[in-house]
Amino acid sequence: MENYLYIALFAPLLGSLTAALFGARPKTLFTGLWTSGLLAVSWISSILLFLHVYADPSTNVVHVKMMDWISAGNLSIPFGFVVDQVSATMMIVVTTVSTMVHVYAIGYMSHDKGFNRFFSWLSAFVFSMMILVMSDNFAGLFIGWEGVGLCSWGLIGFWYHKQSATWAANEAFIMNRIADLGMLIGIFLIYWNTGTLQYDEAFAAMPNLEHTLLITIGAFLFVGAMGKSAQFPLHTWLADAMEGPTPVSALIHAATMVTAGVYLVIRANPLYDLIPEVGYVIASLGAFVAMFAATMALVNRDIKRIIAYSTLSQLGYMFVAAGLGAYWVALFHLMTHAFFKALLFLGAGNVMHAMDDELDPFKMGGLYKVMKPTAILMILASVALAGIYPFAGFFSKDKILEVAFSGDHYILWGVLWVTAGLTAFYSFRLIMLTFFGDERYKKLGFHPHEAYPYMLWAMAPLAVLAAIAGFFEHAFVDFVTTLLPSYEFHTHHVEMILIAVTSTIAILGIATAVIIYKNGMLHPKWMERPCYKLFTNQYYIPQFYDAVFSKPYKELSIIFWKQIDMKIVDATVDLIANTFFNIGENTRGVQSGNLSIMLRWMALGVTMLLTFGLIFVAAATLLG
Amino acid sequence: MFESIAFYIFSVLTITSFVVVVTTKNALYALSSLAAGMILISGFFFLLNADFLGVVQIVVYTGAVMALYAFGMMFFDTTETLRESHANPRVVFALSGMIAIILVVMLVAPIASTHVSALYPMVEGVGNSEAVGMVLFTKYLIPFEVAAVMLLVAMIGGIVLAGKKMDKSLTTSEQGEVK
Amino acid sequence: MITLNHYLVLSGLLFSIGLVGVIKRKNLLMLFFATEIMLNAVNVGFAAISNHYGDLSGQMFAFFIIAIAASEVAVGLGLLILMYKRKSSVDLDTLTTMKG
């Protein structure tokens, strides 16, 4: 079983390294097939491991220690990996979505010059994510954390000739870095107070620490999660990250990287159980983000950004669940969300490809006639996102609302309820504007066509899973709660009412969207309203960050460069060099070849000798 | 008493003439002052009971060496005023002044050494020339002979350096073919 | 009374006068004059010490110095002639071959 662990972990790395060898060459189909094949191997290994752990969760957890990494004094950090219930779930999610995205990308990137480089980065990303979820200590987690940050930088800025892409990549990386500082402080505090970074030992030692210290650790770890999962205020990078190719958005920003923050909170559940107040803050922040992102998605004119904001919103949902202590609910929503969100992104990729990379849904319309399979898949994914029975989103989203209600957090429940309606509305606004209504694209001269068949076949498993994953809820709960704490629901008598209420608002949202957008765009007068402007400009937050953080930092950097670096540091080094140079220049005259000057030097030498002799003799006679 | 008067007169004159040698711009004056200084130095030798040395000084130095220098001056045409430019004249005097001061300070201090004993003590009763001869041809014989050889070498060197048409042999060439 | 120290001080003064000349003079012939002064100063010193200790070694040394000085003048003037033939000047600064 350990061999399967290593295969699952290192197969993507092998694919990445071999693809990297071809990085500078023009496209070779071999790289795409090879990396996808290796990822399929990893996928199968993950499934086997999952089944193995599922068979007997209490004893079949696979735990290996590959080698010692740091062994200095009291500090001992090994490269250890564990496949327990949580890891196995994450592995399945990651490898499934990754394999489908890899196959899809062979078609999507087929006309791109950097084909080989793309697959190298993509497989490297999957490898880092696998390290992140399979590691059994905080140090390994951090390695994976940084690895996915790096690979996401490389992938967002994949088309590096575009200024906007490189800027977005830097923004993503720098924001993640800022959050990583918080996470590092949390990890340091854990080590300092418990003496170990292994999960089991650290969590076992935590109940003995004092409460404020635990709050500090939990808060700092969550700061790290905030960066990765783009919670407010570190959220601006997620929307800008749509500059990368669509398979990247599907893999990273729907299914894997942004869920790393949720994974961290789930993994650290023994800690967060001890500090419910921090959990409540996390939940409130999550609810705020859910509403905040949904409002921005209502009015956006870029199909990928709409889906990105929807990801942000759903991440808020997951954090609400995790913050309120219902960790298995968060994990379940993570899993289902991965499937239908990746499906949405891949569908959007198809639409973009057909429309020559045009992103504005106001320029599309009526594409249903031309792209039936894509449209059907996207409708299926949107219905799952809106949370309609029997698709997967219904089960997971509903559970989260139940969690909020049962803990008597009615305000949270209200916010999430309204957001569910908004979610349904904007998802179907996207569908209606893109696929139905009058065919605006014809006036603009586009000639859309359906995507390659194998790309559609790659999307199919995701669609199937988005449809049926909800029915595995009970099996999932029984499996995962052997490790995670189970959650007590106090809502058994109002369960049916809640389900009805939630479904109502979702259907209402869908109906509203269909009616408004059936005949085309919204009346232009809507766009004059101030709240419309507020939403469209993302509440002016990016401008705020630019003015308050970026500009002063740039000025400070210029000062450091011109005043300190050039005037002080450079001057010092130049001074040392110039001193030697000048000594050489000035003593060159000693060997002038001129007899007169040499005689002078000789006389000087004689003077000095006589002086020393005089002093020496005088001292000898005086001191006896 | 006579000794001290003679010493001071001689020393003042010697120093004056040597200073003239060193500082004058006229080469002829320098030559003349040098010759005068040589003669006065021999006076010192006579004061110090070194009669033979004093005579040798007059004959060799003032006679031969000065004649050589006079011939040199004629050859190099240095009778016009010397034009000398210095970068920093003060350095010269500073250096020399320092050396002079130090030397004087060193030498004014009493050199009272009682452990020095004469290696070749003077013989009583004979004149200085006889004593010099007794030592020169017995104890210093080898340096004497070597000095003789060296003088021969110097003479030949001088002829070779200064002579003209030295590569042609007078005896092996045709009679009267010397051009 | 005139003691050994007087003679030695005189010798030192004459030596430094010669040194000034050696350093100061740019004309090589004048340089040789100054060298002669230095040699003579040393001779006076030797003779004085020899007289003080009653030892003839000093006078012998002075004697040989005179011999050597004579031969040195001969060879030195010969070299000066050669240099004059090549450079038409006995100035010290024309001897400089290094670019400094």
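Two residues are taken to be in contact if their C-beta atoms, placed from the backbone, lie within 7 Å. The structure is a predicted model, in which local features need pLDDT of at least 70 and side-chain atom pairs count only at pLDDT 80 or more, whereas totals for chains, interfaces and linings use all residues. Residues are numbered from 1 along each chain as its sequence is written, and chains are lettered from A and ligands numbered from 1 in the order in which they are written.

In chain A, residue A:M91 lies in helix α3, which spans residues 85–108; helices are DSSP runs of H or I with at least four residues, strands are runs of E with at least two, and both are numbered from the N terminus. Leaving aside neighbours within four places in sequence, A:M91 is in contact with A:A8, A:S46, A:L49, A:F50, A:M130, A:V133 and A:M134. A:M91 counts as buried because 26 C-beta neighbours lie inside 10 Å, the term requiring 20 or more other C-beta atoms within 10 Å of the residue's own, with C-beta atoms placed from the backbone.

Chain B contains six helices and zero strands, and its pattern along the sequence reads α-α-α-α-α-α. Of its 179 residues, 25% count as buried, and among the contacts in chain B between residues at least 6 apart in sequence, 48% join residues at least 24 apart.

The contact between the chains takes eight residues from chain A and eight residues from chain B.

Note on methods: Buried ≥ 20, exposed ≤ 12 C-beta atoms within 10 Å, placed from the backbone.
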